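Colleague: Before we start, could you show me the model that we are going to talk through?

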Amino acid sequence: MSIYRWQLGNTLSVLHRATGAALALGLAALSYWLSALAGGRESYDAAVSSFGSPFGLLLLIGWTFAFAYHLLNGVRHLFWDAGLGFERRQRHVSGWFAVLGAFILTLCVWGLVWHGARP
Amino acid sequence: MSLRSPLGRVLGTGSAKDGTAHWWAQRVSAVALIPLTVWFCCALLALPALDYGTVRDWLALPTNGLLAVLLVAALAYHSYLGTAVIIEDYVHGTGMKLFWLLLLRFLYVVFSGSSIFAILRIAFGPGSP
């Protein structure tokens, strides 16, 4: 592994797999949330308070970024599968678009959440 | 000189016996997940609050319940395909690889099954108390 130089292409590829693995754990959290919702008010409130704890919020914000990046970079992969966007410049532009887009989407989502949470 | 039989060359499946099925399933589920995940995030963000009554009433609507079931199914399938590749890449030894792949498959069935069961309980159960 150490013979490879870290550059944009392979870093983003590793990040795609890492965010995918993180989102797999998010699926377990989604399952817990849905089961708590079906279980009734008490179990739902317990789930909300664990997701609302500092550690829970950290996980949720992390999953938001992981989802946004995996979505944008996944679209990039789908374009490649169609044979498009392979030029060096296109790869760099779309790669940075996925990273910056993921940060911006994460900020937008949590901006909306905090905006909505205010009375 | 190739040692492969003419039939083997025509079928073109190599030693793994199936070549493109996994690749295609990963892409098809990815395409399905684009609208489903965007719908789920936007719908939750559009709710006035995320308290028990609001969320439960929202998910109890037939369209939302159906889309949520489809979302969980596509997510679990796509995620299973992806994590299985990670195990195939990094877990070595036939026994350990088989063990982790089986465990992974059971976990996905349990989590997706319980998620879908929860959505159906809300869809067909009594309204929020």
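Colleague: Is B:Leu50 buried, partly exposed or exposed?

Modeller: This is a predicted model, and in it B:Leu50 sits in the loop between α2 (21-46) and α3 (52-60) of chain B. Once its neighbours within four places in sequence are set aside, B:Leu50 is in contact with B:Leu44 and B:Val55. A residue counts as buried with 20 or more other C-beta atoms within 10 Å and as exposed with 12 or fewer. B:Leu50 has 17 such atoms within 10 Å, and therefore it is partly exposed.

Colleague: Which element gives the most residues to the side of chain A that touches chain B?

Modeller: The contact between the chains takes 22 residues from chain A and 21 residues from chain B. On the side of chain A, the elements that give two or more residues are α1 (8-39), α2 (41-51), α3 (54-81) and α4 (88-117). By class, the residues on this side divide into 14 nonpolar, four polar and four charged. With 13 residues, the element that gives the most is α1(A).

Colleague: How are α1(A) and α4(B) placed to each other: parallel, antiparallel, perpendicular or oblique?

Modeller: The axes of α1(A) and of helix α4 (residues 62-90) of chain B come within 10 Å and cross at roughly 130°. In this left-handed crossing, residues of α1(A), among them A:Arg17, A:Leu23 and A:Leu27, meet residues of α4(B) that include B:Leu75, B:Ser79 and B:Ile86. Angles over 145 degrees would count as roughly antiparallel and those from 65 to 115 as roughly perpendicular, so the two helices are oblique.

Colleague: Within chain A, how many nonpolar, polar and charged residues make the contact of α1(A) with α3(A)?

Modeller: α1(A) and α3(A) pack at an angle of about 130° with their axes 9 Å apart, which makes α1(A) oblique to α3(A). The contact includes A:Leu12, A:His16 and A:Gly20 of α1(A), and A:Trp63, A:Phe67 and A:His70 of α3(A). Sorted by class, the residues of this contact are eight nonpolar, seven polar and no charged.

Colleague: What distance separates the end C-alpha atoms of α3(A), and what span should its residues give?

Modeller: Several residues of α3(A) are buried, including A:Ala66, A:Tyr69 and A:Arg76, and just after this helix A:Gly83 takes a positive phi of about 85°. The 28 residues of α3(A), at 1.5 Å a residue, should span 40 Å.

Methods
Residues are numbered from 1 along each chain as its sequence is written. Chains are lettered from A and ligands numbered from 1 in the order in which they are written. This is a predicted model: local features need pLDDT of at least 70, side-chain atom pairs count only at pLDDT 80 or more; totals for chains, interfaces and linings use all residues. Two residues are in contact if their C-beta atoms, placed from the backbone, lie within 7 Å. Helices (H or I, at least four residues) and strands (E, at least two) are DSSP runs, numbered from the N terminus. Ala, Val, Leu, Ile, Met, Phe, Trp, Tyr, Cys and Pro count as nonpolar, Asp, Glu, Lys and Arg as charged, and the others, Gly among them, as polar. Axes are lines fitted to C-alpha atoms, for helices over the stretch in contact, and angles run from 0 to 180 degrees between N-to-C directions. Angles under 35 degrees count as roughly parallel, over 145 as roughly antiparallel, 65 to 115 as roughly perpendicular and the rest as oblique. The expected span of a helix is 1.5 Å times one less than its number of residues. A crossing is left-handed if the near helix is turned anticlockwise from the far one by less than a right angle, and right-handed if clockwise.
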